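Please read them with the structure open.

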Amino acid sequence: QVQLVESGGGLVQAGGSLRLSCSASGRTFNGLGWFRQAPGKEREFVAAITWSGGNRYYSDSAKGRFTISRENAKNTVYLQMNSLKPEDTAVYYCAVRTRLGYASVTSYNYWGQGTQVTVSS
């Protein structure tokens with residue numbers, strides 16, 4: 001059984017920063033990813049990291065502003081978000097990837113409950 005708990009969301013002004021945390025228990029398989037979902041939109045990929053090699057992947061919107069990192073000893077993955085924009089407003093989810101394809105929702109079998117990020121203009 002895999003359990004994921006996200007934290008660190010909140011309200012921030014445009015240009016500000018937030019750091020999200022995802023604490024994982026149980027197996028973590030191939031790696032962990034962050035996704036987000038805004039009201040009325042589909043869930044979209046943000047960033048992913050592998051547990052073994054530390055490879056990192058980002059969406060185009062996240063590149064240069066967000067950084068994903070991991071602390072294996074704590075089974076925790078972080079998403080540092082800088083230069084936040086109002087369009088980053090969404091519920092952010094972390095998930096454990098069990099199949100190939102780091103950017104696909106269907107590659108992830110286990111999901112956290114989500115944490116709200118709101119960026120005001």
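Is Ser-21 buried or exposed?

1. Ser-21. This residue is buried, at a relative accessible area of 16%. Buried means under 20% relative accessible area, exposed over 50%, and partly exposed in between (1.4 Å probe, protein chains only). Ser-21 sits in strand 3. Beyond neighbours within four places in sequence, Ser-21 is in contact with Val-5, Glu-6, Ser-7, Trp-34, Thr-76, Val-77 and Tyr-78. Contact means heavy atoms within 4.5 Å.

2. Basis. This is a predicted model, where local features need pLDDT of at least 70, side-chain atom pairs count only at pLDDT 80 or more, and totals for chains, interfaces and linings use all residues. Residues are numbered from 1 along each chain as its sequence is written, and side-chain values use heavy atoms, with hydrogens and water left out.

3. Fold content. The protein has zero helices and 11 strands. Read from the N terminus, the order is β-β-β-β-β-β-β-β-β-β-β. Helices (H or I, at least four residues) and strands (E, at least two) are DSSP runs, numbered from the N terminus.

4. Disulfide. The structure holds one disulfide. Cys-22 is joined to Cys-94, with S to S at 2.1 Å. The criterion is a pair of cysteine sulfur atoms within 2.5 Å. The link of Cys-22 and Cys-94 is right-handed, with 60 degrees about the S-S bond. Cys-22 lies in strand 3 (residues 18–25) and Cys-94 in strand 9 (residues 90–97), so the pair ties together parts 72 residues apart in sequence. Cys-22 and Cys-94 are both buried.

5. Overall dimensions. Along the principal axes, the C-alpha atoms fill a box of roughly 40 × 30 × 25 Å.

6. Packing. Of the 121 residues, 43% are buried. Among contacts between residues at least 6 apart in sequence, 55% join residues at least 24 apart.

7. Arg-70. Where does this residue lie? Arg-70 is in strand 7. Arg-70 is partly exposed, at 27% relative accessibility. Not counting residues up to four places away in sequence, Arg-70 touches Ile-49, Thr-50, Trp-51, Ser-52, Gly-54, Thr-76 and Val-77. Thr-76 and Val-77 are also among the contacts of Ser-21. The C-alpha atoms of Arg-70 and Asn-109 are separated by 19 Å, at 39 residues apart along the chain.

8. Ser-59. This residue is in the loop between strand 6 (56–58) and strand 7 (66–71). Ser-59 counts as buried, at 12% relative accessibility. Leaving aside neighbours within four places in sequence, Ser-59 contacts Phe-45 and Val-46.

9. Positive phi. Please check two loop residues here. Most residues other than glycine have a negative phi. Asn-75 has a positive phi, near 50 degrees. Asn-75 lies in the loop between strand 7 and strand 8 (76–81), and is partly exposed, with a relative accessible area of 24%. Ser-83 has a positive phi of about 50 degrees, although not a glycine. Ser-83 is in the loop between strand 8 and strand 9. Ser-83 is partly exposed, with a relative accessible area of 41%.
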